[in-house]
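Dear colleague,

I am passing on the structure we spoke about, with the sequence alongside. Please have it open while you read the notes below.

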Amino acid sequence: MPEYTHNIKFSNKGTRNEIRKNLIDIFLKEIPGTGKGVDASRNTYFVETLDSGNRIFLRRPAWLKKGFDFVIHVENVDFGKGLERRVRTNPKHTELFEDLEQKKIENPKDYLDLYDFLERVYNCEDVSKAEYKHLVFKSGYDLDLIVLIFKWFFIEQDIRDWSYSGRTMCFTGIPKK
């Protein structure tokens with residue numbers, strides 16, 4: 001089966017349930033596979049464009065193949081930092097938590113604002129890039145990457161762990177103000 005590519009715009013505004021339902025409704029339009037391996041359907045969803053021009057995309061099915069799960073990737077970003085056998089374009093929660101910890105140490109004042117923006121994303125609000133452009137951090141990943149990846153981490157957690165804490169488990173890993 002071929003791999004299907006989709007370009008979607010997706011708002012983070014609403015309730016957790018509305019956001020989860022809206023994304024699952026998109027996934028329900030996928031053409032089903034007819035078996036394993038080459039007979040499985042594969043879908044890539046381009047969901048965000050960063051200031052760098054790189055895009056955030058979702059891949060389905062995920063490796064664990066648990067229902068509507070997906071893996072979040074960023075074009076042209078090696079989250080393995082050259083230390084792994086191949087380029088790894090999918091971030092891990094811990095890598096972004098560590099990046100935020102460095103930002104907190106580097107600029108505690110601006111980190112307070114960054115934390116507030118991440119909290120708004122956690123609370124299902126859309127946050128525009130213009131709102132956090134004034135924050136200054138020299139270390140780590142760009143702010144638009146951080147904010148938008150967390151948007152998708154939260155959504156992914158709400159889908160995968162809906163019956164449990166969902167996005168809350170991810171949010172509690174963010175270094176406190």
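Which residues does Trp152 touch, not counting residues up to four places away in sequence? With contact taken as heavy atoms within 4.5 Å, they are Phe10, Leu23, Val47, Glu48, Ile56, Leu58, Phe70 and Ile72.

Before the rest, please note that this is a predicted model, in which local features need pLDDT of at least 70 and side-chain atom pairs count only at pLDDT 80 or more, while totals for chains, interfaces and linings use all residues. Residues are numbered from 1 along each chain as its sequence is written, and side-chain values use heavy atoms, with hydrogens and water left out.

Trp152 is, with Phe150 and Ile174, among the residues with the most contacts inside the largest nonpolar core, which has 47 residues. Such a core is a set of buried Ala, Val, Leu, Ile, Met, Phe, Trp, Tyr and Cys residues joined through side-chain atoms within 4.5 Å, where buried means under 20% relative accessible area with a 1.4 Å probe and protein chains only. The elements that give two or more residues to this core include helix 1 (16-27), strand 2 (42-49), strand 3 (55-60) and helix 5 (143-160), and the largest share, twelve residues, comes from helix 5. Helices (H or I, at least four residues) and strands (E, at least two) are DSSP runs numbered from the N terminus.

Helix 2 has 14 residues and reaches 20 Å from its first C-alpha to its last, close to the 20 Å expected, that span being 1.5 Å times one less than its number of residues. Its buried residues are Glu95, Leu96, Phe97, Asp99, Leu100 and Lys103, and what covers them includes helix 3, helix 5 and helix 6.

Turning to the strands, which pair if DSSP finds at least two bridges between them, strand 2 and strand 3 are antiparallel over six bridges, with Arg59 in strand 3 as the bridge partner of Thr44. Their hairpin has five residues between the strands, and Gly53 there takes a positive phi near 95 degrees. Strand 3 is in turn joined to strand 4 by four bridges, again antiparallel, and Ile56 stands opposite Val74 in strand 4.

Asn54 lies in the loop between strand 2 and strand 3, and counts as buried because its relative accessibility is 14%. A polar atom of the Asn54 side chain lies 3.3 Å from the backbone oxygen of Glu75, and the residues that Asn54 touches, not counting those up to four places away in sequence, include Glu48, Val74 and Val77.

Best wishes

Definitions and conventions: Buried < 20%, exposed > 50% of the residue type's maximum accessible area, 1.4 Å probe, protein only. Polar contact = N/O pair within 3.5 Å; in protein donor to acceptor, adjacent residues only side chain to side chain.
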